[in-house]
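Reader: I would like a close look at one part of this structure, namely the charged side chains and their partners.

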Amino acid sequence: MAQPGQKVILITGCSSGIGLRMAVLLAKDEQKRYHVIATMRDLKRKDKLVEAAGDAYGKTLSLLTLDVCNEESVKQCIDNVKDRHIDVLINNAGIGLVGPLESISMDEMKKVFETNFFGVIRMIKEVMPDMKRRRGGHIIVISSVMGLQGVVFNDVYAASKFAMEGFCECLAVQLLKFNVILSMIEPGPVHTEFEMKMIQDVSQKEYPGADPDTVHYFKNVYLPSSVDIFEALGQTPDDIARCTKKVIEASNPRFRNLTNPLYTPIVAMKYADETGGLSVKAFYHMLFNMGGLMHVSMTAMKYLTCGCLRSRTVSPN
Ligand SMILES: NC(=O)C1=CN([C@@H]2O[C@H](COP(=O)(O)OP(=O)(O)OC[C@H]3O[C@@H](n4cnc5c(N)ncnc54)[C@H](OP(=O)(O)O)[C@@H]3O)[C@@H](O)[C@H]2O)C=CC1
Ligand SMILES: CC1=C(/C=C/C(C)=C/C=C/C(C)=C/C=O)C(C)(C)CCC1
């Protein structure tokens, strides 16, 4: 149970990746400022988290079951929190979906929105009224750079994150009136099970319904470039955890928090040309004309990115 003076932080999707590392980092805070309620839909998957939490487990870290796709589970989980009092809600649970649109079923697409979009809304609807009543609280959404700039063959995943961005832009303004802060974290590629699941999924699929040219562009042009991008720009879940902790601890948290300075030019390009032409052409050129050079150019970018771009991101260090 939380001790007096401790902030209660509830995190969704803590069985792996970013959620797991955020739970551990916050629970191990040296000044013991936080009590973390790490949630996951299947507590049978708790071992990795419990092991990483070490001594903090049972003290500054407790576990609850929560499936963001299930309304009853969400309500039950929040009802199990003492006085339903949550200071910081971190919406992290999410799933990816990549591939030619023609081969993706409507059910697969709906599952992505059910988790990444409606899952977050379900959580916010359950927690926000108490925060508004108390005139205090912080809601954090782990979005993605794909919520700001679409990436080819990630149509539905990007759409689910774009939807979240629009939703949060609206809500943040109202919440400010109630002294409730809303912050988005915008990671680029991060080495987690998310990446493994994508690679596994792709290697098993046949892509029925997609024509051979599209399958070729996906498998032989996009995928190798995507692997290069992960290799060159990929951050660790600990990086994202440290960035998120900084946002929680900031006296005046920003609304959008990019974690990877190498994405700042991509986002800047979008806002530099409101017609969208610049982004579409640049992405086309990067993918179809520079594909083979992606690794070299990304590595060069990594070393050339100047201080002014870094200052516009939240640094994990
Ligand atoms: N990895 C990346 O490159 C990036 C990831 N992100 C975002 O970060 C977030 C975390 O992803 P990441 O750590 O990388 O990936 P992981 O796959 O490692 O973690 C995702 C977590 O979400 C959980 N989850 C999935 N569906 C549900 C559900 N219905 N209810 C509760 N929990 C659920 C998974 O639980 P279970 O074990 O039960 O499946 C898992 O714990 C996601 O929102 C993702 O979109 C953003 C940018 C980049
Ligand atoms: C930047 C870029 C590419 C890929 C980006 C990728 C693969 C980003 C992955 C982001 C993730 C995984 C976000 C999760 O939310 C391409 C299309 C290869 C070529 C053009 C430039």
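Which side chain does Arg-256 meet in a salt bridge, and what is the N to O distance?

Author: This is a predicted model, in which local features need pLDDT of at least 70 and side-chain atom pairs count only at pLDDT 80 or more, while totals for chains, interfaces and linings use all residues. Side-chain values use heavy atoms, with hydrogens and water left out, and residues are numbered from 1 along each chain as its sequence is written.

The side chain of Arg-256 meets that of Glu-169 in a salt bridge, at 2.6 Å from N to O; the term stands for a side-chain nitrogen of Lys or Arg within 4 Å of a carboxyl oxygen of Asp or Glu. Because Arg-256 lies in strand 7 and Glu-169 in helix 5, the pair ties together parts that are 87 residues apart in sequence (helices are DSSP runs of H or I with at least four residues, strands runs of E with at least two, numbered from the N terminus). Glu-169 is partly exposed, with a relative accessible area of 43%, and Arg-256 is also partly exposed, at 25% (buried means under 20% relative accessible area, exposed over 50%, and partly exposed in between, with a 1.4 Å probe and protein chains only).

Arg-256 also forms a salt bridge with Glu-165, where the closest N and O atoms are 2.7 Å apart. That pair links distant parts of the chain, 91 residues apart, with Glu-165 in helix 5 (residues 155-177) and Arg-256 in strand 7 (residues 256-258). Glu-165 counts as buried, at 3% relative accessibility.

The structure holds 21 salt bridges.

Key: Chains lettered and ligands numbered in written order.
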